[in-house]
Amino acid sequence: MSEFRMPSLGTDMEAGTLIEWKVKPGDRVKRGDIIADVETDKGIIEVEVFEDGVIDQILVAPDTTVPVGTALAVIRTLGAPAGPSAELPVAERSSIAAEPQVQPRLEAGRPAIQPPPVAPPMAAPARRLRASPLARKLAAELGVDLRNVQGTGPDGAIERADVERAAAAMKAAEKPTAAPVSPPSAAPPAEVKPAAPDFQARMRRAIAAAMARSNREIPHYYLETRIDMSRALRWLEAENQKRSIKERLLPVVLLIKAVARALGDVPDLNGYWIDDRLQLQEAIHIGFAIALRQGGLVIPAIHHADLKSLDELMAVLHDVIPRVRAGRLRSSEVADATITVTNLGDLGVEVVYGVIYPPQVALVGLGKITEQPWAENGMLGIRPILTATLAADHRATDGHRGGQFLESLNRHLQEPAKL
Amino acid sequence: MSDGTAMVKLTYREAMREAIREAMQRDERVFLMGEDVGRYGGCFAVSKGLLQEFGPERIRDTPLSESTFVGAGIGAAMGGMRPIVEIMTVNFSLLAADQILNNAATILHMSGGQFNIPLVIRMATGGGRQVAAQHSHCLEGWYAHIPGLKVVTPATIEDARGMLWTALEDPDPVLIFENVTLYGMAGELAADAGPTDIDCARVHRSGRDVTIITYSASLFKALEAAETLAADGIDVEVIDLRTLRPLDEATFLASVAKTHRAVIVDEGWRSGSIAAEISARIMEGAFFDLDCPVERICSAEVPMPYAKHLEQAALPQAETIVATVKRMVRSHV
């Protein structure tokens, strides 16, 4: 039995609105299935499930806004017995029971005074767990769920010793074969009334928050280089002549692939700045900025861009761009990017000075490919030139590293057949 | 103390006098000036006998004008001397606050790094002697606010003997705060005891359950409390800060990381105190090691009462420390 929770679809997401369930109790699901639509400031996201099993219970009704981490459904993992509903009382743990049964309690011998109406549970915010910082840290390390720990500190605060006791009890409980399912949390999640569906304004606010944070916290440095695209474009033209119109490649996939390759050469730019240190990411997920016609932008992640062929990258773009414009992205696509690529060449912009999307540490800007005079080997010619820029976080890397990246990007674009 | 070292018995006052005497002997540029330091032998008898030994050129009585003689000390320091200026008590240092803050602490900066001020100012501080509000202030935490100064608070006889020379060696102004209740404290010191550092806090007593961070006279209240608590099975670590500026935060952060609980005992008033600063540093540097909120035991925020029982009630006391620590560790020892 496990809980399917409201996912965090970005570092700035605090709550999401469950829009629609794609499954109902009894349905079988497997890892990767889209089981719900969730609306966030970034749009409606299709949320995937990460395990195989059967939907046991739905805990949150559509059009309910709940904080990140709130249990949305209970999934019975395959092989586990169907849980008796008493084991996981719905009303106790979720906000789905919007209309609690308000029944005046009549006690024997007392005049039947009408008790004051009980406020619906949505009005009561969930009480924050009182736990010391050390207790929280220790609980995370030991895998102890603080909601199941009895605090003995002031006002019932959970302290280190309480966590240690709970961990010891957990260890002891693991030994018997029929391990009891840990009791569900008693505290109902705080329910937030869905905000007015002013999606545009919310997206603007989300972008504002991220960009303001970026400019406030990230000491950007910028590097730019001009890249001769003649070899790449010649190769692309020859390649496209062999293909049907549907299968043709756009120059941008070459650029995305070259960026991914360059990140393989200079991995320091592929990661996050969190807790005052650079946390390198092994997988290269390129966030590709896509502007929306009505304003705003969405940055879906192209997963493992370095491992995908040009055809696969093209397929990803064909798949993802219409979905972005329709506001239907998958949860893993909006949260995973390890670097961002902004291509404003379509608009005729020649040089892009980007603002890094925190906690990423770099943004690659691509301008329009324009014909320009180009001197090489003592000869002047006209070449298609692309200006590529790097905006990078100076806390994480220095200009030398950034320069190596642009140099590597150029090198890969000079050998398009190898991309 | 190591075996084979001859020990001498002396008071804090005598240790301080020995420190001045040694400095005068070692360096001709050193001289002492202040109110009544010469013929009277110092208000707290620290400089008794030094006028006879070193003469009126080097042991100088000054007029009752703190601003004037601190300013003169600054000028002498700029001119190449190594003055020790005694301000009778911290209460009167406020008359020289302009010289201390605007000149001593600032001239190095204002002169673009041309003039260091190798000045040492000694002053008595603290309450507990029934001399009423205007003579009982404990303001070393105030001075610790000021960049450009070093603020040291010798609590032990060893530090009373050792900190002065190191302070004189420092190229910039150092303020030495001597708690008035310590002058009569007697103890043993190695006969060959010499200078001590003025940058490090010292772990006086090692323990695992809670860290008491303190300085100056409160150190002994903390140690007394630690003894009492040990009888109840509570193992207390006691840190003497020794220097309030710059703060040796590495030492107390390491201790808090070990014990997970911190109490600060500070004779200053609580609001805006050095205790507040230490608490903030713990929050910044050891938040995830804390198992309960940092506690502070400071003086009551009142003008110091004259009546003995009220004065004692206003000052931090060992019993308060014991009660606070017990509340913090209550169920988890």
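Over which residues of chain A does pLDDT stay under 50, and how many contacts beyond four places in sequence does the model have for them? The stretch is residues 177–196 of chain A, for which the model has 39 such contacts; pLDDT is the predictor's confidence in each residue, from 0 to 100, and two residues are in contact if their C-beta atoms, placed from the backbone, lie within 7 Å.

This is a predicted model, in which local features need pLDDT of at least 70 and side-chain atom pairs count only at pLDDT 80 or more, whereas totals for chains, interfaces and linings use all residues. Residues are numbered from 1 along each chain as its sequence is written, and chains are lettered from A and ligands numbered from 1 in the order in which they are written.

**Chain A**

The mean pLDDT of chain A is 80, with 81% of its residues at 70 or more. Residues 83–125 of chain A have pLDDT below 50, and this stretch makes 47 contacts in the model beyond near neighbours in sequence.

Chain A has nine helices and 20 strands, where helices (H or I, at least four residues) and strands (E, at least two) are DSSP runs numbered from the N terminus. Of its 419 residues, 35% count as buried; a residue is buried if 20 or more other C-beta atoms lie within 10 Å of its own, exposed if 12 or fewer, and partly exposed in between, with C-beta atoms placed from the backbone. Among contacts in chain A between residues at least 6 apart in sequence, 64% join residues at least 24 apart.

Four strands of chain A form an open sheet in the order β1-β8-β6-β3, with antiparallel pairing; two strands pair if DSSP finds at least two bridges between them. Strands β1 (2–5) and β3 (28–29) of chain A stand at the edges with a single partner strand each, so one side of each is left without a neighbour in the sheet. Within this part of chain A, strand β6 (residues 53–58) is joined to strand β8 (residues 71–77) by five bridges in the antiparallel sense, and I55(A) has I75(A) as its bridge partner in β8(A).

Strand β10(B) runs parallel to strand β11 (residues 236–240) of chain B, to which five bridges join it, and T214(B) stands opposite D240(B) in β11(B). With strand β13 (residues 262–269) of chain B, β10(B) also pairs in the parallel sense, over three bridges, and there I212(B) has V263(B) as its bridge partner. Together with helix α9 (residues 218–231) of chain B, β10(B) and β11(B) make a right-handed β-α-β unit; a crossover is right-handed if, with the strands pointing away from the viewer, the path from the first strand over the helix to the second runs clockwise.

I212(B) also belongs to the largest nonpolar core, which has 109 residues and in which L164(B), I212(B), I321(B) and V325(B) touch the most other members. A nonpolar core is a set of buried Ala, Val, Leu, Ile, Met, Phe, Trp, Tyr and Cys residues joined through C-beta atoms within 7 Å. A second, separate core of 77 residues includes L72(A), L254(A), V352(A) and I356(A). Leaving aside residues up to four places away in sequence, I321(B) touches I212(B), K221(B), A222(B), A225(B), V263(B), V265(B) and I297(B).

**Backbone features in loops**

| Residue | Backbone feature | Value |
|---|---|---|
| P359(A) | cis peptide bond from P358(A) | omega near 5 degrees |
| P246(B) | cis peptide bond from R245(B) | omega near -5 degrees |
| D63(A) | positive phi, not a glycine | about 65 degrees |
| S216(B) | positive phi, not a glycine | about 55 degrees |

P359(A) lies in the loop between β17 (339–343) and β18 (362–366) of chain A, and P246(B) in the loop between β12 (243–245) and α10 (249–259) of chain B. D63(A), in the loop between β6 and β7 (64–67) of chain A, is exposed, with 11 other C-beta atoms within 10 Å. S216(B), in the loop between β10 and α9 of chain B, counts as buried, with 28 C-beta neighbours inside 10 Å.

**Contact between the chains**

The contact takes nine residues from chain B and 10 residues from chain A. On the chain B side there are four nonpolar, three polar and two charged residues, where Ala, Val, Leu, Ile, Met, Phe, Trp, Tyr, Cys and Pro count as nonpolar, Asp, Glu, Lys and Arg as charged, and the others, Gly among them, as polar.
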